[in-house]
Each structure stands twice: as structure tokens, then as C-alpha cells.
Amino acid sequence: MNENPIIVALDVPTIDEAARLADAVGDAAGAFKVGLQLFSAEGPAAVRALGDRRVFLDLKLNDISNTVAGAVRAIAPLHVELLTVHALAGRAALEAANDAKREEKVLAVTVLTSFDDAACKEVGLPPLAEAVPALAELAFAAGCDGVICAPPDVEAVRAVCPKPFLVVTPGVRPPGTDHDEQARVRTPREAIDAGADRVVIGRPITRAQDPRAAARAILETLP
Ligand code: C5P
């Protein structure tokens, strides 16, 4: 493995807590995820506070193409490595995001990884086995650098979107740890073996007594 594939989710409400966590994990993570909670509370300063660490800005943009492009242009000065747009924003918005990006990579969220087939049906989507690869193909065709999907859907995505298209997956748990509210869980190793490039991990690392040791223990399980 060339790069550390672990992205640690900084799901905390303040810059102080995020900075403390990032320091505690140190170089045992390849990147850090700033999501809606931290960004809503602290704004772009939360990204700047992480200094030269690699950042995944997970805002799941979902709007008309003009607005998505404006958001991507506004994000560019933050020099994040990865950012997310909803594939369900549609082809025009995905293309607009990719036209507007500079050095950052644009990942499309296929279907929220908390969804099951019943949740898909409720919002008028076909079952996951159909919806996820279809949205991944749309993202690929629209020029995205990769997608976010749940671990059980990685193989179906890989079948239609070969590398170097990126597949990043949350919803992983190291062997023997609490699944929290997650349903379709796999281990980080299983996700990588199925074809994922990077894994997003939150609580198993951020709630550990020694977050750095927890991240390093997960790294040891990877190929
Ligand atoms: O559950 P955990 O604390 O590891 O979650 C880390 C990140 O992964 C969260 O920020 C959440 O956005 C994302 N996640 C997800 N789908 C899940 C579980 C978590 O997208 N099923």
C-alpha cells in the first residue's frame, strides 16, 4: 500500500476538539474528514486550523449546477484534497463541480450509506444493487474522481468504474469493535480487499483512549 488509506472523521463541534484529535492521531492517519457538524459550527476556519494536513471536506453538495460550482470555487482556497457532491444532484451539477475544481478531487456520494432498499424505495430509488452502480457510472461519466459508497457495494462499483477512479467507504469497523448504529458493516480490510482505496473511520479511533494507537492497530490489519 503506497499511502495510508485511513481518513479519520473529526465529528466534533469545535476547532479546539478537532485540533486536539488531529494531534492525538498524528501521522497514523492519511487524512482527516471535516463534515457538516464541524463546518457548520466553525466554517472554513476549521479546515485552516488543520494546517498542512490532508483534508476531506465532506459537505455533500446537492444543488443546481451554478450553486454547486460556486461552492467548489469558494472551497478551492482551502486546498482540501477531497470534497463531496451528491450524485443525485445530477449530471449538470457533477460536471459543473468538476469544471470548477482546482487541485481537489471531487467524489460523488452515490446513495447515503445509511440507506437500505426500503429507504431507497421510500424516496423513489431502485434497490441499492441497481442505484449505486448507476450513480457511480454517472459520476464517472461526469468527470468525478471517485465515489463514496458503503462497503458491501464496493465490488458492484468497481465492476463499472475501474481504477484509478477512487472508491472511498465509510461504515467500516475493526474486528471486534462496537458497530454503533451501523448496519451493513465490514472491516477496513474487507473494504480494501473488495476494491476500496480509502476508508473513513470515526468513533473506533476518535473515542479510543489512545487514538494514535487505535489507528495504527487498524493500519496493521491492512495489506
Ligand atoms: O461511524 P463512524 O464514527 O466511523 O463514522 C465516521 C463517518 O462516516 C461519519 O462522519 C459519517 O459521516 C460516515 N458514515 C457514513 N455511513 C455510515 C456510518 C458513518 O457515511 N453508515
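## Helix α5 and its cover

In this predicted model, helix α5 covers residues 91–100, and its buried residues are Ala93, Leu94, Ala96, Ala97, Asn98 and Ala100. Buried means under 20% relative accessible area, exposed over 50%, and partly exposed in between (1.4 Å probe, protein chains only). Helices (H or I, at least four residues) and strands (E, at least two) are DSSP runs, numbered from the N terminus. An α-helix has 3.6 residues a turn, so residues three or four places apart point the same way.

The buried residues of α5 are covered by elements that include α4 (65–75), β4 (82–86), β5 (105–109) and α7. Contact here means heavy atoms within 4.5 Å.

## Basis of the model

Residues are numbered from 1 along each chain as its sequence is written, and side-chain values use heavy atoms, with hydrogens and water left out. Because the model is predicted, local features need pLDDT of at least 70 and side-chain atom pairs count only at pLDDT 80 or more, while totals for chains, interfaces and linings use all residues.

## Overall form

The protein contains 11 helices and 8 strands. Its C-alpha trace spans about 45 × 35 × 35 Å along the principal axes. For 223 residues, a compact globule would have a radius of gyration near 17 Å, and the value of 17 Å for the protein agrees with this. The radius is taken over C-alpha atoms, and the globule rule is 2.2 Å times the number of residues to the power 0.38.

Of the 223 residues, 53% count as buried. Among contacts with a separation of 6 or more, 61% join residues 24 or more positions apart.

## Nonpolar cores

A nonpolar core is a set of buried Ala, Val, Leu, Ile, Met, Phe, Trp, Tyr and Cys residues joined through side-chain atoms within 4.5 Å. The largest one has 71 residues, and Leu57, Val111 and Ile205 have the most contacts inside it. Helix α7 (residues 128–141) supplies the largest share of this core, 7 residues. A second, separate core has 11 residues, including Ala9, Leu82, Ile148 and Val200.

Not counting residues up to four places away in sequence, Ile205 touches Ile6, Val8, Val25, Pro211, Ala214, Ala215 and Ile218.

## Threonine 177

Threonine 177 lies in the loop between β7 (166–169) and α9 (188–194). Its relative accessible area is 32%, so Threonine 177 is partly exposed. Threonine 177 and alanine 118 are 59 residues apart in sequence, and their C-alpha atoms are 27 Å apart in space.
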